[in-house]
Amino acid sequence: ELSSAFTNGHQISITYTNKQEQAFFENTDVEKHLHIYRILQELINNSIRHGKATNIQFTFELKNHKKVCKYKDNGIGFNLEELKTRKGLGLKNMESRVHFLNGKFKINSAVGQGVQVIFNF
C-alpha cells in the first residue's frame, strides 16, 4: 500500500522485497508495524522531496535473530558530516521510532550517490 501511495502521481519506481515470506510481520505487533510504516513513509518522502530519487528499493530480511530493513535510493545524496550538525525533525522521529522498536539505525550517503539506510528491530 505504501509503495502504491507514492508511485501514484510521482515518476518513481519503488521495489519492495520480503525475504521471509508471510511470517515476517505477525498480526500481534500492530503498534510496531505502524512505527515501521512511518519510518518508511518518511524515508520515501525524503527521497522524493529532497533527494530527487527516481528509484527506491527496500527489503526486509532476518539476520542474527533480528528483523532488518535495508532501504536504498538513487537520489542526489548528501554529505553525512552536515547531517551530524543539522538533524531535522524527520530524522529524529525515525531514530526515536527505531529506538522504540529496540533496534539500531544507520544511514549512509554521499553527494551524488543516493541514500542507504539500514535499521533492525
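Visitor: Hi! Where does His 65 lie?

Guide: His 65 is in the loop between strand 2 and strand 3 (66–73). Helices (H or I, at least four residues) and strands (E, at least two) are DSSP runs, numbered from the N terminus. This is a predicted model, where local features need pLDDT of at least 70 and side-chain atom pairs count only at pLDDT 80 or more, while totals for chains, interfaces and linings use all residues. Residues are numbered from 1 along each chain as its sequence is written, and side-chain values use heavy atoms, leaving out hydrogens and water.

Visitor: Good to know. What is phi of His 65 near?

Guide: Phi is near 65°, a positive value in a residue other than glycine.

Visitor: And is His 65 buried or exposed?

Guide: His 65 counts as exposed because its relative accessibility is 81%. The cut-offs are under 20% relative accessible area for buried, over 50% for exposed, and partly exposed in between (1.4 Å probe, protein chains only).

Visitor: Which loop has Lys 52 in it?

Guide: Lys 52 is found in the loop between helix 2 and strand 2 (55–63). Lys 52 is not a glycine, yet has a positive phi of about 55°. At 56% relative accessibility, Lys 52 counts as exposed.

Visitor: Zooming out, what pattern does the protein follow along the sequence?

Guide: Four helices and five strands, in the order α-β-α-β-β-α-α-β-β. Of the 121 residues, 36% count as buried.

Visitor: Now the helices. How do the axes of helix 2 and helix 4 cross?

Guide: The axes of helix 2 (residues 30–49) and helix 4 (residues 89–100) come within 10 Å and cross at roughly 155°. Each axis is a line fitted to C-alpha atoms over the stretch in contact, with angles from 0 to 180 degrees between N-to-C directions. Helix 2 and helix 4 are therefore roughly antiparallel; angles under 35 degrees count as roughly parallel, over 145 as roughly antiparallel, 65 to 115 as roughly perpendicular and the rest as oblique.

Visitor: Which residues make the contact?

Guide: From helix 2, they include Glu 31, His 35, Arg 38 and Ile 39; from helix 4, Met 94, Val 98 and Phe 100 are among them. Contact means heavy atoms within 4.5 Å.

Visitor: What is that contact like by class?

Guide: The contact has five nonpolar, three polar and four charged residues. Ala, Val, Leu, Ile, Met, Phe, Trp, Tyr, Cys and Pro count as nonpolar, Asp, Glu, Lys and Arg as charged, and the others, Gly among them, as polar.
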